[in-house]
Amino acid sequence: RETLEYLRRTGRGRDAELVERYTKEQGLFRTDATPDPEFTETLELDLGTVEPSLAGPKRPQDRVPLSQMKVAFRQALTAPVKERGFGLAAEETPKKVAVRFNGTTAEMGHGAVVIAAITSCTNTSNPSVLLAAGLLARNAAARGLQVPPYVKTSLAPGSKVVTQYLRTTGLLKDLEALGFHVVGYGCTTCIGNSGPLAEPVTRAVTEGKLVAAAVLSGNRNFEGRISPEAKANYLASPPLVVAYALAGRADVDLTTEPIGRDRQGKPVFLSEIWPSQKEVADLEATIGAEMFAASYGNVFDGNPMWNAIGGVAGDLYGFKEESTYLQDPPFFEGLTLDPKPLADIHDARVLAILGDSVTTDHIAPAGDIAEKSPAGRYLKSRGVEKRDFNTYGARRGNDRVMARATFANIRLKNLMLPGVEGGVTLHFPSGERLDIFDAAERYKQEGVPLVVIAGKEYGSGSSRDWAAKGPLLLGVRAVIVESFERIHRSNLVGMGVLPLQFKPGQNAESLGLTGKERLTVRGISGQLTPRQDVTVEVERPDGAKSSFVTTMRIDTPVEISYYRNGGILQTVLRKMLKR
């Protein structure tokens with residue numbers, strides 16, 4: 001019934017009537033009076049164990065209870081990088097840096113919150129948490145609490161109706177009083193569109209080498225995604241975003257420590273200003289269906305700016321050479337009616353050796369484009385100024401940008417260069433250190449195929465297609481890992497990149513692979529069967545030879561067909577041409 005009430009409250013009364021009638025006719029409408037269904041499996045959850053939590057600092061699956069945030073953050077500061085820590089020495093953790101901002105001076109240390117963003121399509125379409133955030137802001141302002149000047153705050157509702165009910169309830173002004181102004185509707189901080197920090201804050205973070213934090217109500221917090229200056233990124237509910245903006249730091253226990261001090265200098269605790277469920281429910285009851293009807297009644301032609309954009313009719317899109325946003329991708333170049341026979345991969349070089357939990361954000365970043373990165377240099381060569389770079393995500397229609405973006409994440413750790421962060425590698429046999437894109441281009445000119453080696457959970461995170469497209473454009477023919485994330489493995493096959501998995505107990509370290517070797521992949525030129533064994537021959541710089549056996553992670557006969565055709569795009573096109 002709560003679902004039906006939600007549909008009615010959001011202006012979808014006719015849909016609610018249809019859903020109710022359909023579920024009742026199908027015997028799916030359940031009330032307290034109906035018999036309990038017979039489930040094949042049940043899962044019990046003790047609601048008494050549910051507690052306020054955040055997730056971070058580097059992955060959305062790493063939950064941190066609110067009461068443990070201070071301890072967890074401080075442990076992460078000195079934890080090894082390979083254990084998702086920041087690898088600081090103990091004597092580095094007390095560091096403080098003064099920042100002068102708009103005539104004020106503040107002190108920042110590790111854990112300083114430089115971004116507090118109520119953002120994303122998910123949490124900002126939930127009225128209860130948005131109203132709770134507004135009420136928390138109102139209560140905080142009433143006690144005289146303010147957000148520290150170094151915190152960049154923003155509000156990106158998932159719907160225009162959110163702005164309407166926040167304005168109607170008076171809560172929008174309370175949020176704005178703390179700096180949470182509406183910046184737009186759409187992907188912002190969660191996808192890396194957080195924009196630059198104030199220059200004094202950026203300088204304090206970079207020169208002080210601080211592990212600064214971002215707290216956002218988004219869905220993703222992978223390394224290098226949110227902001228170049230925020231190494232620690234936490235996902236939280238909208239009211240907790242407000243709370244951490246007020247606190248100004250992540251290394252605080254908001255269940256026992258004050259969030260700030262009032263006008264009289266007395267400590268204020270989060271529990272004192274947290275709104276009650278009744279306060280939230282009373283305001284939520286004022287949200288009527290007419291608000292949603294007004295916002296969405298003219299959704300298709302009610303935006304003058306969108307309507308003013310011109311279009312061109314025709315069956316084919318007219319790509320323009322001067323465009324830095326849209327280019328004709330090269331995936332069908334050289335396509336023949338029948339695929340060429342598969343061949344073993346001979347004398348491949350290692351483009352990168354990566355560790356565990358390499359995400360699609362590491363492989364194909366979505367956020368800020370650094371000025372000196374391969375993509376940044378390309379855009380500048382096309383006359384694009386840094387202020388107009390936009391993000392990798394916004395330029396994903398241009399393969400010339402996205403190929404250069406591949407493995408360009410500022411937090412990528414290529415084990416061929418221990419202790420170095422960023423998209424760099426070593427070219428062999430020269431031993432020259434290059435950006436990964438530049439090394440791949442040189443190997444391409446030399447006619448050398450490439451292999452990427454990694455650990456467990458390779459390709460986790462967003463199911464980003466460019467994480468498979470990009471390596472293909474760099475010349476990567478195979479990826480050898482300890483384990484794959486399910487969707488990314490499928491995407492690699494779909495782009496014609498061979499996924500290989502080490503046998504249990506084996507990895508790059510145990511096999512002594514350093515990235516200086518030549519690798520030959522044998523066993524893929526003949527008849528293929530799903531998950532067959534494939535041998536990788538190793539030739540080391542001193543001429544020593546060895547081999548190891550991998551499992552080919554092409555899991556089905558259909559995927560074998562995709563791979564033989566060079567990918568799913570080529571498979572589909574050939575079928576269309578042969579009709």
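This is a predicted model: local features need pLDDT of at least 70, side-chain atom pairs count only at pLDDT 80 or more; totals for chains, interfaces and linings use all residues.
Good morning. Residues 24 or more positions apart account for 68% of the contacts in the protein with a separation of 6 or more.

Let me turn to the overall form. The protein has 20 helices and 19 strands. Its radius of gyration is 27 Å, close to the 25 Å that the globule rule gives for 579 residues, so the protein is as compact as a globular protein of that length. The C-alpha trace spans about 75 × 65 × 55 Å along the principal axes.

Next, the interior. Of the 579 residues, 49% are buried. In soluble globular proteins, nonpolar side chains tend to be buried together. Here, the largest nonpolar core has 83 residues, and those with the most contacts inside it are Met108, Leu166, Phe180, Val242 and Ile259. Helix 4, residues 127-142, gives the most to this core, with nine residues. Apart from that core lies another, of 78 residues, among them Phe389, Val448, Ala478 and Leu492.

Which residues does Phe180 touch, if we do not count those up to four places away in sequence? They are Ala116, Ile118, Thr153, Ser154, Leu155, Leu175, Val241, Val242 and Ala245.

Finally, the surface. The protein exposes about 29,100 Å², and carbon and sulfur atoms supply 51% of that area. A nonpolar patch on the surface is formed by Phe332, Ile568, Leu569, Val572 and Met576, which together have about 410 Å² of accessible area. With a relative accessible area of 33%, Leu569 is partly exposed.

Thank you for your attention.

How values were computed: Residues are numbered from 1 along each chain as its sequence is written. Side-chain values use heavy atoms; hydrogens and water are left out. Patches are made of residues with over 30% relative accessible area and no salt bridge: like charges are joined within 9 Å, nonpolar side chains (Val, Leu, Ile, Met, Phe, Trp, Tyr) within 5 Å. Accessible areas come from the Shrake-Rupley method with a 1.4 Å probe; for residues, only the protein chains shown count as cover. A salt bridge is a side-chain nitrogen of Lys or Arg within 4 Å of a carboxyl oxygen of Asp or Glu. Buried means under 20% relative accessible area, exposed over 50%, partly exposed in between (1.4 Å probe, protein chains only). A nonpolar core is a set of buried Ala, Val, Leu, Ile, Met, Phe, Trp, Tyr and Cys residues joined through side-chain atoms within 4.5 Å. Helices (H or I, at least four residues) and strands (E, at least two) are DSSP runs, numbered from the N terminus. Contact means heavy atoms within 4.5 Å. The radius of gyration is taken over C-alpha atoms; the globule rule is 2.2 Å times the number of residues to the power 0.38.
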